[in-house]
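Please have the viewer open as you read.

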Amino acid sequence: MKIAKSVNRLGTEAVYNIFAKTKKLIKQGKEIIDLSLGQSDFKSPQHAVDAAVKALKDGHHGYTLPNGIIECREAVSRKIKSLYKANIDPERIIIMPGGKPTMYYAISFFGEPGAEIMYPDPGFPIYESMINFTGAKAISYNMIENKDFSINPNKILSLINEKTRLLILNTPHNPTGGFTEKNVIDRLANSLKNFPNLAILSDEIYDRLIFDNKEIPTLLNYPDLYDRLIILNGWSKTYAMTGWRLGWSVWPEQLIEHVFKFCVNSHSCVNTPAQYGAIAALDGPENHLQDMMKEFAIRRKLIVDGLRSLKGVECNLPGGSFFVFPNVKKTGMNGKEFTEKCLKEAGVAMIPGTSFGKYAIHNVRFNFATSRENISKAIEKIDKILK
């Protein structure tokens, strides 16, 4: 049996390998504190759950349009208007089964042999995986050059050439938790006007998980870029709805027909009752988000202070998301060695920085979207094996 060469170019997410290891250890009777998974321990909003259940009971369980029911697209448009004062036609909005399809489709539209696509490193591993799959050349820009893990416009602009088809941006940033201030995004957006043939994919899935009363400088605030701007967002992080597999994206008008065809050829349509739950989440009260962010702020301080207390560990205060990305070089170990030692000897699971790219050799990613008790226990256990 001979398969296509492109299949062998696909990568994966190390988190699933770590997840499998932790499950195996737990099955063997070992206590494991898992700080690797990129999801929170909060429940989905009850009004979203109720709306999805009602949709099922009311018989809304058949096929829908591949781009999503109009009511859901209109809800997304309303939310964008409410949050960012941007007017987005619902016809430019596509409801997706999660965030990855938006990455896959966008990268597929611009990736082919001879083309170049730029992406953050470290970064969500599917960016590079999909670029390689298309046969395009993956050009990374280093996200750990700046101490706060913010975007460096000068570095990005210096890498753009006539072969560059797509630029991928992500803020707040996974895996570092880095947040890029509006004045920096302003500079980058204004400079991108000089590259009218360059498409932009802005991954803003963590747009509501930002600390210190700051707001995301979404690229939706730059109408001059709309004819080549793709926005990736969804319900998974803001509304603790990871397993619902719900995402939304905004596309340039000239790409809508192509996206529609990709939807038809891949997933047909998004789960119908889930879309009704998604509408309720967007239109309903946001007490859950306020409560979640208050708790995340407490956990952020707890884990950063704890990591800074460990011998040889340096940790930046993340500006967004629910991740921290400490440097462990002074422990005498690289990130991979540190991760293996912590899992084996301390029973604490995390992800090595190199799972997100080539630059973060001495970093590891912790998820602090877990209980304070788990965070404190994890720090205590790691402290013991570093002494």
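Glu314 is partly exposed, at 40% relative accessible area (partly exposed lies between buried, under 20%, and exposed, over 50%, with a 1.4 Å probe and protein chains only). Lys330, at 64%, counts as exposed. The two form a salt bridge whose closest N and O atoms are 2.7 Å apart (a side-chain nitrogen of Lys or Arg within 4 Å of a carboxyl oxygen of Asp or Glu). Lys330 sits in the loop between β9 and α11, and Glu314 in the loop between α10 and β9, so the pair ties together parts that are 16 residues apart in sequence.

This is a predicted model, where local features need pLDDT of at least 70 and side-chain atom pairs 80 or more, while totals for chains, interfaces and linings use all residues. Residues are numbered from 1 along each chain as its sequence is written, and side-chain values use heavy atoms, without hydrogens and water.

## Pairs within helices

Helix α7 (residues 182–192) holds both Asp186 and Lys182, four residues apart, about one turn (helices are DSSP runs of H or I, at least four residues, and strands are runs of E, at least two, numbered from the N terminus). Their salt bridge has its closest N and O atoms 3.1 Å apart. Asp186 is partly exposed at 21%, and Lys182 is partly exposed at 44%.

In helix α12, Lys377 and Glu373 are also four residues apart, with closest N and O atoms at 3.6 Å in their salt bridge. Salt bridges with shared partners join Asp41, Glu295, Arg299 and Arg372 into one network.
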